[in-house]
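Please keep the sequence and the structure in view while reading.

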Amino acid sequence: MPSKLRKVAVLGFRSVGKSSLSIQFVDNQFVDSYDPTIENTFSKVVKVRGQDYEIKIVDTAGQDEYSIMPSQYTMDVHGYVLVYSINSQKSFEVVRSIHDRLLDLTGEVNLPMVVVGNKTDLHREREITYEEGKRLADQWGALFLETSAKRNESVADVFSQLVVEMERADGNAPKD
Ligand code: GDP
Ligand code: MG
């Protein structure tokens, strides 16, 4: 079977770990200082339930609640990764405004989406509980995961679970 191309946009406030998650997933390494202004596209082929997917990841330069996210971020995009950092209430609020904006831009309520609470290794600084993150994602019908890009915890799950969700949205419900 030929691989299917799936484009994924990684959105969130600055410094939450969007690039770190993307690079950890694609290159299996943690880069400590990655230029925060760079917007990059990464690509990786993964096999999910026997099917190869070429995932194109658009690692955006970041959003805040005042900057109007450009509509280009929704062009040909099949799925979204909305990242906050568990030690930043502010970044959690920014995820809400990005979600609102996505609904406005696409006019869809059932977008394939994973809400990600990153930096679980910084648990001493935690400001957002697991339950708060989960509740927000449930409210949106989105998937929810907590990750550590630094320790490579649950990073691959973000993308593989999103693939399953994108397939479902496509009308292909893969069997377990
Ligand atoms: P971006 O602006 O959202 O792309 O964030 P970056 O990936 O550039 O990360 C911002 C900062 O947070 C960098 O110093 C990263 O090393 C750090 N960082 C990213 N992910 C983690 C993580 O899981 N744990 C910790 N402790 N730091 C992280
Ligand atoms: Mg970045």
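Leaving aside its neighbours within four places in sequence, with which residues is serine 148 in contact? They are Asn118, Lys119, Thr120, Asp121, Glu153 and Val155, where contact means heavy atoms within 4.5 Å. This is a predicted model, in which local features need pLDDT of at least 70 and side-chain atom pairs count only at pLDDT 80 or more, whereas totals for chains, interfaces and linings use all residues. Residues are numbered from 1 along each chain as its sequence is written, and side-chain values use heavy atoms, with hydrogens and water left out.

Serine 148 lies in the loop between β6 (143–146) and α4 (155–169); helices (H or I, at least four residues) and strands (E, at least two) are DSSP runs, numbered from the N terminus. With a relative accessible area of 0%, serine 148 is buried, a term that means under 20% relative accessible area with a 1.4 Å probe, protein chains only. Its side chain reaches the backbone nitrogen of arginine 151 at 3.0 Å.

Strand β4 (residues 79–85) is also mostly covered, since 7 of its 7 residues are buried. One side carries Gly79, Val81, Val83 and Ser85, and the other Tyr80, Leu82 and Tyr84.

Strand β4 pairs with β1 (residues 4–12) in the parallel sense over 5 bridges, pairing requiring at least two bridges found by DSSP. Here valine 8 stands opposite glycine 79. Strand β5 (residues 113–118) runs parallel to β4 and is joined to β4 by 6 bridges; valine 114 in β5 is the bridge partner of valine 81.

Definitions and conventions:
Chains are lettered from A and ligands numbered from 1 in the order in which they are written. Buried means under 20% relative accessible area, exposed over 50%, partly exposed in between (1.4 Å probe, protein chains only). A polar contact is a pair of N or O atoms within 3.5 Å; within protein, one must be able to donate a hydrogen and the other to accept it, and residues adjacent in sequence count only if both atoms are side-chain atoms.
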